[in-house]
Structures are given as C-alpha cells and as structure tokens.
Amino acid sequence: MPAVALPDTAAWLADLAGEPLPGRRREDWRFTDLAPLQAVAAQLWSGPDPFAQLSLPEGVSRIDPAVAKLLLDQGLQSTGGSGSWPVRLNQGASPTCLALRVSGAAAPLQLALDAAAGPGLLAVQVLLVLEPDASLELLIQHRSCAVNATSLVTVAQLGPGATLNLGVLAPGAPGASLLSHLAISQAPGSALQLTTAVGGWALSRLEPRICQLDGAAHTRLRALQLVTGQELADTHSHVQFDGPAGQLDQLHKVVADGAGRSVFNGAVRVPRQAQQTNAAQLSRSLLLSDRARVDTKPELEIVADDVKCAHGATVSRLQQNELFYLQSRGIAADQASTLLLRGYCDEVLRELPAAAASAHPLQLLLRERP
Amino acid sequence: MIRPDAPLLLEIHELHARVEDQPILKGVNLSVRAGEIHALMGRNGSGKSTLSKVLAGHPAYSVTSGSVRYRGDNLLELEPEQRARIGVFLGFQYPVEIPGVSNLEFLRVATNARRLERGDPELDTFAFEDLVRERLKLVQMDPAFLERSVNEGFSGGEKKRNEILQMALLEPLVAILDETDSGLDIDALRIVAEGVGQLAGPDNATLLITHYQRLLDLITPDFVHVMAAGRILRTGGKELALELERTGYDWVDQELARQPVEVA
C-alpha cells in the first residue's frame, strides 16, 4: 500500500518529539523513508493498558513510577541513546510504562504489545532492573493489523552476574510501523542474549544500544529482518565497551524480497580502556529479488590495541549447490527454496526464548499458511 | 551380477557435455543392466564426476549431443528432482552442508517424494522415524545426527555415511556414487562399502566412481571402465582395476596418442 503523507501527522510527530522528523541528510537516517509513519492518524492510541492483565512471576516486582522515571533516564544516558529521535518521540507520547525489578532466577515472562486495529501511535516503555546474579527470560511480541505505529523504548540494567535472555518477535502488518529502541547496560560478569525477529512492517526501525559499563560482560546479538513488497526494515545497533575483556558475538541476517529495502548499520566502539575485547560481527543478507535492496554497513571504531574484532558482510542469493543437492534427492525446486529459506531464518529464530515456539515464528514471519 | 537378459536400466550413447564453454564429455557410451555393479576409474579431470553430474541433472552442465535413456525413457529432459524420484541417485563427492535445515526433515521430505512417485503413501513423522532408525543401522550412524542440520559440522566420514543413509531410504534403481571412498579412514570405508553392498540387488545397479582398488576389494565390480579425455577408453572385468593398480595410467597417454583428436 503506498504511504500517503499527511502534513498534519508529520507536524504532530515533530511536536511530540520536540524536533522535526529526521531527514535523509542525517547519516543514520540516510536510507530510511519515514513516509509510512506519516500515514498514521495523528492521535495517540486509545486502547486498554497492554499490561493491565499481566501477572508477574516470582522474583519479579514492580518499581515505583517515580524511581522508574529516574532509572529510565539513567539507562538511556548510559547507553548514549537519550537524543535518539524514536526515544524523544516515545517520551513525548505519554507512554504506558512497565517497570520491573528482577531478583534471583525468575520464571520466563511474556509481554504482548498488540496495536491491533486501533489508529494512531501506541507508545510504551519497559524498564528491567536485574539485580546481581538475577536471571530473566523475556519475550516481547509485537502485533498490529492496521495502519498504526508502535513505539517501544526498552531499558534494561544488568547487575553483576545477571543474565537476560530477551527476545523480540515482531510480525507486522501492511501499513504498520514499529520503532523500537533498546538501551541495555551491562555490569561485569553479566550476560545478555538479545534476539530480534522482525518482518512484515511497512516501516520498522530497531535501535539496540548496548553498553558494557566496565567491560568483562558477554553480549550475544541475533537478528533477523525480512522485507518484501515496499517494506523497509532498518536496524541500527550500537555496542560500546567501556572496560576491558568484554565479549560480543553478533549475527544479523536479512531476507530481502519484492521491492523491499533492508538497512543494517552495526556500530562497535572499542575505546582505549577496552583492552582484550573480543568482538565478532557478521551480517548476512539473502537477496531474493532483483528489485530488493540491502544496505549493510559495519562501523567499527577501535582505539584499544590489544583486541580481537572481526566483522564480515555477505549479500547473496540462495546457494545453487544447496538447491541442487536438495533437488537431487527428489525435492522440487520451489520446495527446496522454501526449505533453504526456512533453514536460513531458523538459525536466528531458534534462539528466541522458548515461549516463542508456540507462536510459530517461521510461519508468522514467512506468512505461511498453518 | 551379470545377466544378459536383465532389464537395461541406463543406456548412454555418444554423450557430449560441457560446462560453460569447456567441453568435458566427448562421446561417452555405457550400458548398465539391473543387477550390475560398474566401476568408473580414471585420472582427475577425465570426466568421471562430470558424467555423474550430467546424469543427475546439474544445471551447470549442458549436454550438447548424444542421449541418455533410463529404463527406455529420455532422462535428459527431466528436472533433477524428477530423475531422483524415478530412481536415479547421485552420492556426492562433497556432500553439501545446509545450515538450519534439519537432517531428519530433509530425509523425510526426500523419502516421501520418492514414495509418492512409486505410488506408496507418504510417511508421517512417527512412521518415518521408525524407518530411518532402522536404516541408520546399515551405516552405523548415531541417531543424534538426525537432529542436526544437513551435513553441518559432520566429519568427512559422517557425510559419506549420510549419503549412503539417503541411498538406503530412497532405494534407487541406479546409484551413482562419486568418490564415496575419498576421505574415509579404513573403518568408515568398510562401513560405507558394506552399506553399498547390502543395498545392491538384482533389481538395481551401482556405478562406483573411484580412484582406488581398496574400495573394489570390498565391493566386487562386474565391469571396470577407464575414462580418459571425456570418453570411456577401455572396459574390462575386475582384473582391469588390479592392472591399473600395478601399472598406473601411463598406457592411457599412449593409447590417446594413437587415436584421432576430436575437434570440439
């Protein structure tokens, strides 16, 4: 569906964010057309509180709203995301806030953010404070079925030895937009696994910003984004090591079909104090159509001299040797392509929190009939 | 087992094929009847692997002239998957790793494609697991391999055993095994050879592409063919392989020198 720009929506969004919509002249928005966002009705989403029915597992408790506000600001500042336009928009849109403290080993938790058929902008903030040695597995599921927008700011603070397995499963809808900023700070000895799977949105922009405050933490990032039709999916990730002996293992995968456009910018900052950092970033893109477009850019800034930082980027079509191998076993070409595509996606999807399995993420994202 | 009255499964006549602009096969002739085991030998670059890929329908190879009939029908007009479904199997020299595609699911889809072609009902997940676990014994594979991605992280021997497992499930009428013995240690070679030997029967045929006598010590061929310069230069019995082991391929150069040069 072609996005129709409504001037009043652009002005309304700019007013909420306190600054105009970022244009193509800004480096980090160079490839990202915000037209789908401007097609959304200029109003705040008016559905029920998405967290009203949420029951918290043992070890998870709510944080007082006044304290939460301070911690949110602190988290955004420590990861350098305070000035991000999606964050400012979110803050200006009177977001519903869920602030949780986790102690000990909590049972898995799921949050459903369904903008459904409601018009306008759904703005939500999630704050997670993991106390030392706490652990949590959290799955956030986004849904929509109309021309609307979801704005989510997630702030997580991982104490020493804490473990967070955070999954974002976001199958979108034609005309819908998703802006998700994740600000995660890690104390030494903490482990973060962040797995994001996004597809089917007219516009999606994910901004994971991770800061290892004193190094010596482990960060594992897995991402899959799919585009087809005229869709645009943009991920700008940023990992900052502010201390020594930090580890990063990042895999970003793309499936680009139709006239879809995928953007990936993977920044890794290793300043002088981050000696013995071990970071690896790999971007793999599967181009299924001549009209699809992939823009992928590693952005490594390494000042420390005793580090291992590897990066790689590939853009390819389905491998002919793999297709032939499957065909030579009696599997038809189209079925072989589907098997390969499913396998390609599954490498990321299988790392989502276990609760995602019941949602059948492959079927959702590939839009397969059950 | 040579039976002159056995059905002719594969009939290759004056086959010429090229990859890109490079002619590789320059007039291959070969007939294979049910029950027979053929060994195809020759130096690297003689055209053995090309022949196997042409028979399986690899899209990178184009046939420029000649014919291949499979049970009397034109094999070359069929897509690779159709060839597999009617019983032509290629065991790869370098089995392909396919990350993310479960070996079990792959084997089930492949087996059901072959079963449907034969008029047998598809096997559901449970029935297939029973079948595959029984066939695993043939190649002494750990069932854990079923849970992994196709060939991903498999050792050379495990990949070749996985090929023979596929053969055991698909029950082909013509199995072309392209250097299945390469990269195998003695134990793996024995397991693979025993698997192939058990699958060979009076109704099917096997074409073994190999460099070495050691495989033929375990699987006795009815015919041995020597390929050179894109053709079968000489055909004999199992003693021809033993002769090659003793004398090498120098005689091939002399024989080729005596023959007229073919203009591609």
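Student: In which sense do strand β3 (residues 37–42) of chain B and strand β10 (residues 205–209) of chain B pair?
Tutor: Happy to start there, with the note that this is a predicted model, where local features need pLDDT of at least 70, side-chain atom pairs count only at pLDDT 80 or more, and totals for chains, interfaces and linings use all residues. Residues are numbered from 1 along each chain as its sequence is written, and chains are lettered from A and ligands numbered from 1 in the order in which they are written. Strands are DSSP runs of E, at least two residues, and helices are runs of H or I, at least four, numbered from the N terminus; two strands pair if DSSP finds at least two bridges between them. β3(B) and β10(B) share four bridges, and their sense is parallel.

Student: Which residue of β10(B) is the bridge partner of B:L40?
Tutor: Strands of a sheet pair through backbone hydrogen bonds, either parallel or antiparallel. In β10(B), the partner of B:L40 is B:I209.

Student: What is the order of the six strands in the open sheet of chain B?
Tutor: The pairing in this sheet is mixed. β6 (88–91) and β12 (231–236) of chain B each pair on one side only, which makes them the edge strands. The order is β6-β9-β10-β3-β11-β12.

Student: What angle does helix α9 (residues 238–247) of chain B make with β11(B)?
Tutor: α9(B) packs on the sheet and touches β3, β11 (223–228) and β12 of chain B, where contact has C-beta atoms, placed from the backbone, within 7 Å. Axes are lines fitted to C-alpha atoms, for helices over the stretch in contact, and angles run from 0 to 180 degrees between N-to-C directions. The angle with β11(B) is about 50°.

Student: Is A:H218 buried, partly exposed or exposed?
Tutor: A:H218 lies in strand β11 (residues 218–227) of chain A, and touches A:A191 and A:Q247, leaving aside residues up to four places away in sequence. A residue is buried with 20 or more other C-beta atoms within 10 Å of its own, exposed with 12 or fewer, and partly exposed in between; C-beta atoms are placed from the backbone. A:H218 has 17, so it is partly exposed.

Student: Which helix gives the largest share of the side of chain A that touches chain B?
Tutor: The contact takes 17 residues from chain A and 21 residues from chain B. On the chain A side, α5 (320–327) and α6 (333–349) each supply at least two residues. The largest share, seven residues, comes from α6(A).

Terms used: Contact = placed C-beta atoms within 7 Å.
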